Amino acid sequence: FYIIFMLCSTRLYESIELAQYAFELNQLYGKPDAIASLPPFYEKPIVSDQFEQLMTWFRPIVDAAPGLPFYYYHLPGQTLVNLNMRDFVRYAYQGNDQGTSLPELKGAKYVSSDGRD
């Protein structure tokens, strides 16, 4: 079985601490197999671009659990972060002008009524 450690915090520092804990558990017991997180929906980084906002939020979380795959929890109805998933995946792998990317992204839990996405 595959265990994904869900980091459900609206505060970045708490998400980083949870990711560190997931990494420690993985080192000790071989589980969890991955981490997952919601986008910031309460304490948002101050950037105008939503893709950049997600990179600013997720990069330190993913860095706190090196080697663990990352899954994005896409829940626009609750988080109000509504973006095209294909564009997000492309941005995550290609990165931005500063070289920030998210190659650890391995999938998404998709909870949206937008069937075109």
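A residue is called buried when under 20% of its relative accessible area remains, as computed with a 1.4 Å probe on protein chains only. The views below show a predicted model.

**View 1. Helix 2 and its buried residues.** In helix 2, the buried residues are Phe51, Glu52, Gln53, Leu54, Met55, Trp57, Phe58, Arg59, Ile61 and Val62, so that, with 10 of its 14 residues buried by the cut-off of under 20%, the helix is mostly covered. The cover over these buried residues includes strand 1 (4-7), helix 1 (12-29), strand 2 (34-37), strand 3 (70-74) and helix 4 (85-94).

**View 2. Length and bend of helix 2.** Helix 2 comprises the 14 residues 50-63, which at 1.5 Å a residue should span 20 Å, and this agrees with the 20 Å that separates its end C-alpha atoms. Along the helix there is a kink of about 25 degrees at tryptophan 57, which lies shortly before proline 60; tryptophan 57 itself is among the buried residues of helix 2.

View 3. Four strands, in the order 1-2-3-4, form an open sheet with parallel pairing. Strand 1 and strand 4 (105-110) stand at its edges and have a single partner strand each, which means that one side of each is left without a neighbour in the sheet. On average, and with direction ignored, neighbouring strands of this sheet are turned by 25 degrees against each other.

**View 4. Pairing of strand 3 with strand 4.** Strand 3 and strand 4 run parallel and are joined by five bridges. Tyrosine 72 has alanine 108, in strand 4, as its bridge partner.

**View 5. Helices against the sheet.** Helix 1 packs on the sheet, where it touches strand 1 and strand 2, and its direction makes about 165 degrees with that of strand 1. Helix 2 lies across strand 1, strand 2 and strand 3, and runs at about 150 degrees to strand 2.

**View 6. The largest nonpolar core and phenylalanine 88.** The largest nonpolar core has 26 residues, and those with the most contacts inside it are Ile35, Phe58, Phe70, Tyr72 and Phe88. At least two residues of this core are supplied by each of strand 1, helix 1, helix 2, strand 3 and helix 4, and the largest share, seven residues, comes from helix 2. When its neighbours within four places in sequence are left aside, phenylalanine 88 is in contact with Phe51, Leu54, Met55, Phe58, Tyr72, Leu83 and Leu105; of these partners, Phe51, Leu54, Met55 and Phe58 are buried residues of helix 2.

Note on methods
Residues are numbered from 1 along each chain as its sequence is written. This is a predicted model: local features need pLDDT of at least 70, side-chain atom pairs count only at pLDDT 80 or more; totals for chains, interfaces and linings use all residues. Side-chain values use heavy atoms; hydrogens and water are left out. The expected span of a helix is 1.5 Å times one less than its number of residues. The bend at a residue is the angle between axes fitted to the seven residues ending there and the seven starting there. Buried means under 20% relative accessible area, exposed over 50%, partly exposed in between (1.4 Å probe, protein chains only). Contact means heavy atoms within 4.5 Å. Two strands pair if DSSP finds at least two bridges between them. Axes are lines fitted to C-alpha atoms, for helices over the stretch in contact, and angles run from 0 to 180 degrees between N-to-C directions. A nonpolar core is a set of buried Ala, Val, Leu, Ile, Met, Phe, Trp, Tyr and Cys residues joined through side-chain atoms within 4.5 Å.
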